[in-house]
Amino acid sequence: MLQEPEGRQPMNLASLEARADDRALLRAVQGGDREAFARLVELHSARAYSVGMSMLRNEQDARDIVQQTFLNVWRSIADFRGEASLASWIGRIATNNALMRLRTRRRKPEEPLPELGPDRPEHPVVDWAPIADKLHENAELGLQIQRAVAELPEPYRLVVVMADYQEMSMREIADALEISVPNVKTRLHRARLALRQALLDYVHGRA
Amino acid sequence: MNCEEMSAHLIDLLQGELPPDLLAATRQHLQACPCCTALQMSFMGVRALVHRSMETPLTAAERAQLAETVLSAISLEDPGVGARPDPMTRPR
């Protein structure tokens with residue numbers, strides 16, 4: 001059966017409630033309420049930490065990203081108008097901080113894009129069927145995908161985190177990484193093929 | 001539209017960024033091509049799985065510790081900003 005692409009997800013009741021909570025918290029923080037800010041950090045630190053961990057793959061670096069991100073949040077929260085959700089805004093700040101850290105870490109010029117395999121799967125029809133039913137019920141698959149993302153070469157890992165976790169647009173990713181939009185699409189396509197293969201290997205017991 | 005062209009548009013389709021004038025052609029191709037449909041579904045599955053699996057859960061203690069670290073850093077940087085008003089000096 002043909003399925004519609006997912007694109008941006010429609011808001012459900014929980015996300016609407018979360019937004020209402022965010023607005024109340026935001027007003028308190030913008031009014032200088034330090035306890036409200038501590039609550040905001042507690043609510044959203046996992047997001048910033050996850051961005052840091054997935055992009056930098058180092059626990060201490062991820063903690064530093066959390067600290068830097070919320071310092072940035074504190075400094076600029078007065079200007080935040082709520083066009084995006086707080087979680088999304090904080091995630092973007094964390095992403096930018098992680099990218100800056102990666103740039104300072106990099107001492108040599110960017111290397112050519114590493115190969116990840118063919119741009120088309122060999123058996124797209126038969127291969128995916130066993131995994132499709134397990135996607136929603138098997139928590140172990142979540143761990144497998146985390147590992148598979150962590151093992152991707154950096155240029156691919158970054159676009160996956162930004163596109164699929166942070167839900168950034170192709171243009172936003174291209175601007176953040178200072179590459180072209182077609183380059184972002186190529187990386188994302190290859191990365192998804194590699195992740196798909198990693199899941200298939202796991203399901204078929206070859207991993 | 002052939003499979004190679006479809007492959008080039010698959011990312012846009014999944015990200016909700018496909019130009020409207022290409023939507024009908026891609027749908028038509030997908031209805032006729034089980035290979036591209038399977039690839040599309042697998043990419044949707046990977047995308048959904050990445051989205052919900054990337055968040056690293058932190059314990060309440062870890063989150064509280066991070067909040068404390070951040071607040072300490074803010075206090076060092078700007079001790080007056082954000083401090084709760086002193087009830088003794090609050091204007092009546």
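## Aromatic pairs

Across all chains of this predicted model, the rule finds three aromatic pairs. One of them joins A:F37 and A:F70 edge-to-face, with 6.5 Å from centre to centre and 75 degrees between the planes. These two residues are 33 apart in the chain, A:F37 sitting in helix 2 of chain A and A:F70 in helix 3 of chain A.

A:F37 also pairs edge-to-face with A:W74, here at 4.8 Å between centres and 65 degrees between planes. Because A:F37 belongs to helix 2 of chain A and A:W74 to helix 3 of chain A, this pair ties together parts 37 residues apart in sequence.

## One cluster, and its burial

Together, A:F37, A:F70 and A:W74 make up one aromatic cluster. Are its members buried or exposed? A:F37 is buried at 0% relative accessible area, and A:F70 is buried at 0% too. A:W74 has 11% relative accessibility, so it counts as buried, the cut-off being under 20%.

## Where chain A meets chain B

On to the interface: 60 residues of chain A contact 53 residues of chain B. About 5,400 Å² is buried between the two chains, and carbon and sulfur atoms give 62% of that area.

The rule finds nine residue pairs in polar contact across this interface, as well as three salt bridges. A salt bridge links the side chains of A:D164 and B:R47, at 3.6 Å from N to O. Several helices of chain A give two or more residues to the side touching chain B, including helix 3 (59-76) and helix 7 (154-165). Helix 2 of chain A gives the most, with 13 residues. By class, this side of chain A has 31 nonpolar, 12 polar and 17 charged residues.

Methods. Residues numbered from 1 in each chain as written. Chains lettered and ligands numbered in written order. Predicted model: local features only at pLDDT ≥ 70, side-chain atom pairs only at ≥ 80, totals over all residues. Heavy atoms only, no water. Contact = heavy atoms within 4.5 Å. Buried area = accessible area lost by both parts, 1.4 Å probe. Salt bridge = Lys/Arg side-chain N within 4 Å of Asp/Glu carboxyl O. Polar contact = N/O pair within 3.5 Å; in protein donor to acceptor, adjacent residues only side chain to side chain. Helix = DSSP H or I, 4+ residues; strand = E, 2+ residues; numbered from the N terminus. Nonpolar A, V, L, I, M, F, W, Y, C, P; charged D, E, K, R; others polar. Phe/Tyr/Trp six-rings, centres within 6.5 Å; stacked < 30°, edge-to-face > 60°. Buried < 20%, exposed > 50% of the residue type's maximum accessible area, 1.4 Å probe, protein only.
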